[in-house]
Amino acid sequence: MTILVTGGAGFIGSNFVHAWLAAQAEVLVNLDKLTYAGNLRNLHALAGDDRHFFVQGDIGDTTLVSQLLATHQPRAVLHFAAESHVDRSIHGPMDFIQTNVVGTFHLLESVRAYWSGLGGTAQQAFRFLHVSTDEVFGSLAADAPAFSETHAYEPNSPYSASKAASDHLVRAWHHTYGLPVLTTHCSNNYGPYHFPEKLIPLVIHHALAGKPLPIYGDGMQVRDWLYVQDHCKALMRVLQAGRLGETYNIGGWNEKPNIEVVRTLCRLLDELQPRSDGQAYANQITFVKDRAGHDRRYAIDARKIEQELGWRPEESFESGLRKTVQWYLAHSEWVKEVTSGSYRNWIGQNYGS
Ligand code: NAD
Ligand code: DAU
């Protein structure tokens with residue numbers, strides 16, 4: 001048996017690849033374009049494991065994808081590949097439309113052709129799992145109930161609009177063509193291999209480098225944080241037992257304002273790698289210009305996946321964040337590599353001097 005994963009050299013995708021190969025005997029074909037966010041270093045530990053088959057390529061390359069499907073005959077496709085950073089989508093939305101919308105369309109068409117040609121049992125057992133985000137639901141008022149699966153779509157950024165568009169395509173390919181799809185909406189992940197353009201790894205990286213820790217606006221925007229390995233376990237459970245055509249929200253029951261997340265990170269760093277001058281890392285906190293159209297609050301109601309599929313997060317925010325900081329402290333070479341070159345241009349573009 002084989003599965004095909006798209007975007008398996010990125011943050012969540014590579015964590016999933018590791019989790020999958022640790023838990024299953026199946027072959028995993030990993031299709032990734034290796035954009036700035038994709039990194040083969042994330043997969044180094046799998047060198048020599050002949051169950052992992054990496055292919056560099058674009059989800060929109062229908063010739064390549066059709067060939068991969070025909071050759072490897074996967075029983076499922078898990079679709080992680082995307083442009084994923086909100087700030088980059090504000091500076092340059094085109095790549096988001098190209099990969100998240102057009103790319104997903106081409107992928108769906110390649111998969112539909114493959115699935116249509118499968119025999120009875122293989123066709124029935126096949127699954128397409130689309131990995132989406134809570135951001136498609138827009139922003140919540142402070143006292144509003146958390147997002148349920150039936151919450152209206154109100155995407156506010158070019159990124160979330162492109163993910164919403166891809167969700168609609170996936171839904172339509174199920175409704176119209178019968179493609180056996182599952183869609184998940186997850187909240188903010190954190191953990192190993194997280195690219196340091198996102199809040200948590202950026203703050204760890206900047207703190208250790210003695211740079212300012214940039215907080216957008218008043219720092220009171222709320223996100224619902226989930227340790228990445230918990231997300232991976234949820235996806236495996238949805239793939240195994242999710243009902244066809246259904247959507248499942250995945251979250252950590254863990255809402256935190258950004259400033260609290262950053263202060264907690266600073267305290268952990270004070271403990272695990274104190275500054276040489278004895279000062280607190282929190283002294284590096286700097287309030288900067290807010291993100292355009294910044295969503296105020298996300299929160300996930302994850303009761304459906306718990307009640308139907310028995311999934312709940314295992315990691316607490318405290319234990320997950322401690323593991324994450326320890327991982328970054330132990331992987332300074334990884335951080336050094338991913339923050340060289342074009343990363344510096346991005347920091348200059350987004351934060352100015
Ligand atoms: P990421 O940016 O770290 O990784 C994306 C990966 O996709 C990279 O390896 C990149 O090279 C690859 N990729 C991009 N365009 C491609 C293309 N056209 N063809 C093939 N590969 C391509 O993203 P992530 O944070 O790991 O997110 C993975 C998925 O999970 C995305 O779909 C994202 O929308 C979703 N998601 C992310 C979070 C989060 O907190 N990071 C939360 C919920 C949902
Ligand atoms: O909610 C799920 C989403 O979470 C995913 O779909 C996205 O792919 C993922 O990138 C993430 O989006 P966010 O915009 O919430 O994550 P980010 O780490 O960029 O920002 C988290 C919060 O921190 C957000 O309110 C913006 C704020 N922030 C971010 C950065 C990079 C800052 O205050 N300063 C910063 O420098």
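Predicted model: local features only at pLDDT ≥ 70, side-chain atom pairs only at ≥ 80, totals over all residues.
The shell around ligand 1 comprises 28 residues, of which I12, D32, S84, Y159 and K163 come nearest. By class, twelve of the shell residues are nonpolar, twelve are polar and four are charged. At least two shell residues each are supplied by α1 (11-23), β5 (127-133), α6 (158-177) and β7 (188-190).

Polar atoms of ligand 1 approach both backbone and side-chain atoms of the protein. An oxygen atom of the ligand lies 3.0 Å from a polar backbone atom of T35, and an oxygen atom is placed 2.9 Å from a polar backbone atom of F80. On the side-chain level, a nitrogen atom of ligand 1 is found 3.0 Å from an N or O atom of T99. Ligand 1 taken alone exposes 830 Å², and 97% of that area is buried by the protein.

The largest nonpolar core contains 35 residues, and F16, L78 and I305 have the most contacts inside it. Two or more residues of this core are given by each of β1 (2-6), α1, β4 (76-79), β5, β6 (181-186), α8 (228-241), β10 (247-250) and α10 (303-309). When residues up to four places away in sequence are not counted, I305 touches A234, V238, Y248, N249, I250, G310 and W311. A second, separate core consists of 32 residues, among them V203, L268, L269 and F317. In soluble globular proteins, nonpolar side chains tend to be buried together.

Conventions. Residues numbered from 1 in each chain as written. Chains lettered and ligands numbered in written order. Heavy atoms only, no water. Near = heavy atom within 4 Å. Polar contact = N/O pair within 3.5 Å; in protein donor to acceptor, adjacent residues only side chain to side chain. Areas by Shrake-Rupley, 256 points an atom, 1.4 Å probe, with all protein chains shown as cover. Helix = DSSP H or I, 4+ residues; strand = E, 2+ residues; numbered from the N terminus. Nonpolar A, V, L, I, M, F, W, Y, C, P; charged D, E, K, R; others polar. Core = buried A, V, L, I, M, F, W, Y, C linked by side-chain atoms within 4.5 Å. Buried < 20%, exposed > 50% of the residue type's maximum accessible area, 1.4 Å probe, protein only. Contact = heavy atoms within 4.5 Å.
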